[in-house]
Amino acid sequence: ASRKRSFYVFALNLIESIRDYYEDANITLVCEEWMVDERAEELTDKVIHCNDHYRAKLWGMAQSPYDITMYVDADMECEHEDIRLVYDQLGDYDVMFSALTDDRSYVYAERDFDTPEGKRKFTLCGGVCLYDMSKPIVREFMDDWWELTRKQMGNEWWPEGYADSLKSWDQFSLWWLVEKDPKYKDLKVGIFDDDLRWNYYNALNPVLNYPKDPVVLRHYSCGLDKDGYIV
């Protein structure tokens, strides 16, 4: 939770909802120091202070104190007991995401983009991420994802032939590392089984897009008053 106090309040709601189904979960909250009150100390096992960068969440992901970590965006809510089973999804993968697919494209702000080699698409969504920090390659990947995002947003790095509008998306830095950086050619990247269960975007039409089994994590990115001061 960075920049806006509303994200801190959303995060506390998320944590409470996780504990409703997974009382003894190990939970770390990443937020700015000025946001923290007694509720964070009561609900979490650890609080890590970040700065006010727009994508400080990526820095926070790289600071995980756990071997196996499930990152969850602050503006989500847990609504099913299968949250306890999420770590079983990882298997032999290094990192796992939910997918950006053609049939869900009506809710994406920007997915298709031009490159010097032709048209490409974002295929990985960073709203949730399951990853194994016990592996050095994953630790390096998380550090590099944050650093590359910081540089692209700060106009310190940008590849020739790509639209400037892509600079605001951490999906682009994710795409670049996975698809273009030879350092990560052997990184095992997976998609959650029945992935909408783990990142069900509230703008999706449930008639068109719904998981086979009940939603575990619902994502309220669309429609929230992210600028409001909520207590």
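## Sheet and nonpolar cores of a predicted model

Strand 3 and strand 8 (residues 124–132) run antiparallel and are joined by 5 bridges, strands being DSSP runs of E with at least two residues and helices runs of H or I with at least four, numbered from the N terminus. The model is predicted, so that local features need pLDDT of at least 70 and side-chain atom pairs count only at pLDDT 80 or more, while totals for chains, interfaces and linings use all residues. Residues are numbered from 1 along each chain as its sequence is written, and side-chain values use heavy atoms, with hydrogens and water left out.

Within the pairing of these strands, Ile-68 has Asp-132 in strand 8 as its bridge partner. An open sheet of 4 strands, with mixed pairing, has the order 3-8-5-9, where two strands pair if DSSP finds at least two bridges between them. Strand 3 (68–72) and strand 9 (189–191) each have a single partner strand and stand at the edges, so one side of each lacks a neighbour in the sheet.

The largest nonpolar core has 32 residues; such a core is a set of buried Ala, Val, Leu, Ile, Met, Phe, Trp, Tyr and Cys residues joined through side-chain atoms within 4.5 Å, and buried means under 20% relative accessible area (1.4 Å probe, protein chains only). Helix 1 supplies the largest share of this core, 9 residues.

| Core | Size | Residues among its members |
|---|---|---|
| Largest nonpolar core | 32 residues | Tyr-8, Leu-29, Met-70, Phe-192 and Leu-217 |

Definitions and conventions. Buried means under 20% relative accessible area, exposed over 50%, partly exposed in between (1.4 Å probe, protein chains only).
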